[in-house]
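Work through the following exercises with the sequence and the model at hand, and try each task before reading its solution.

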Amino acid sequence: MARISIVIVSAFLLLLAAASAQAQPCTCVDVGDIKARMAEANAANAAYAAEMQKMVEQITRTRDPIPYTPERREKLQSRVQDAVNKVAAGRISPTPSIKGENPGGTSNTCSVTINLSPSATACMKESVKRHEDHHQRECRKTLSAGKVLGGVVTGKVDRFERDGAQLIQYAQEEIGGYTTEMMFLQSELTRLAQAEECKPKPPQRRDYTAQPRAPK
């Protein structure tokens with residue numbers, strides 16, 4: 001009976017350890033990637049904020065709205081990507097993706113795809129997933145079969161276009177995605193900074209007492 005109890009307890013501890021590892025995908029070796037991804041997210045958010053300021057100034061000046069279109073999105077994304085590339089210059093991306101794909105994406109019917117290459121760490125996969133989960137939540141707020149069918153009929157299948165969104169709303173949602181990532185990454189960075197296994201190990205002193213002494 002005691003042996004059975006020990007087995008049960010051991011199994012419970014293994015499950016607990018597995019759950020803990022699943023809840024904490026980032027490890028000590030991920031600290032560099034975390035800082036690099038946070039720098040990219042900060043650069044993206046700063047670029048989106050600057051573009052939003054330009055939109056506000058244009059709307060104030062012309063008194064005309066700036067509706068979202070896929071073409072305007074592409075131009076906006078190109079300028080934001082340029083800002084991200086500047087902070088990423090000279091180093092390997094922490095979120096390597098499958099060639100020709102973005103690290104992650106959310107479809108017009110709110111399904112999430114993570115396009116990271118196998119070399120990406122679990123930490124970075126979770127970071128990108130948090131970003132796309134934000135888009136998925138926002139997408140589901142307006143998703144309906146009627147809107148999807150209407151988009152097919154009108155040719156406006158892009159969810160922002162079919163919803164009649166403004167370009168500034170698209171930028172706001174992207175900022176929300178990157179901010180969600182940064183909240184996750186900062187929490188992991190703080191946790192790892194306090195983890196004993198991540199703290200620098202003191203230098204080992206060599207013990208000379210056991211060494212054979214030279215003859216006098």
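The model is predicted, so local features need pLDDT of at least 70 and side-chain atom pairs count only at pLDDT 80 or more, while totals for chains, interfaces and linings use all residues. Residues are numbered from 1 along each chain as its sequence is written, and side-chain values use heavy atoms, with hydrogens and water left out.

**Exercise 1.** Find how many disulfides the whole structure holds, and work out how the bonded cysteines pair in sequence order.

*Solution.* A disulfide is taken here as a pair of cysteine sulfur atoms within 2.5 Å, and a search of the whole structure finds three. C26 is bonded to C123, with the sulfur atoms 2.0 Å apart; C28 is joined to C198, S to S 2.0 Å; and C110 is joined to C139, again with S to S 2.0 Å. When the bonded cysteines are numbered in sequence order, the pairing reads 1-4, 2-6, 3-5.

**Exercise 2.** Describe the link of C26 and C123, and decide whether each cysteine is buried or exposed.

*Solution.* Begin with the torsion: it is 80° about the S-S bond, and the link of C26 and C123 is right-handed. This pair connects distant parts of the chain, 97 residues apart, with C26 in the loop between helix 1 (2–23) and helix 2 and C123 in helix 4; helices are DSSP runs (H or I, at least four residues) and strands likewise (E, at least two), numbered from the N terminus. Next take the accessibility, where buried means under 20% relative accessible area, exposed over 50% and partly exposed in between (1.4 Å probe, protein chains only). C26 is buried because its relative accessible area is 3%, and C123 counts as buried because its value is 0%.

**Exercise 3.** Do likewise for C28 and C198.

*Solution.* The link of C28 and C198 is left-handed, with -85° about the S-S bond. C28 lies in the loop between helix 1 and helix 2, whereas C198 lies in the segment after helix 7, 170 residues apart. C28 is partly exposed, at 28%, and C198 is partly exposed too, at 24%.

**Exercise 4.** Determine which helix gives the most to the lining of the largest pocket, and which classes of residue make up that lining.

*Solution.* Helix 3 gives the most, with nine residues. By class, the lining has 10 nonpolar residues (Ala, Val, Leu, Ile, Met, Phe, Trp, Tyr, Cys and Pro), 11 charged ones (Asp, Glu, Lys and Arg) and 17 polar ones (the others, Gly among them).
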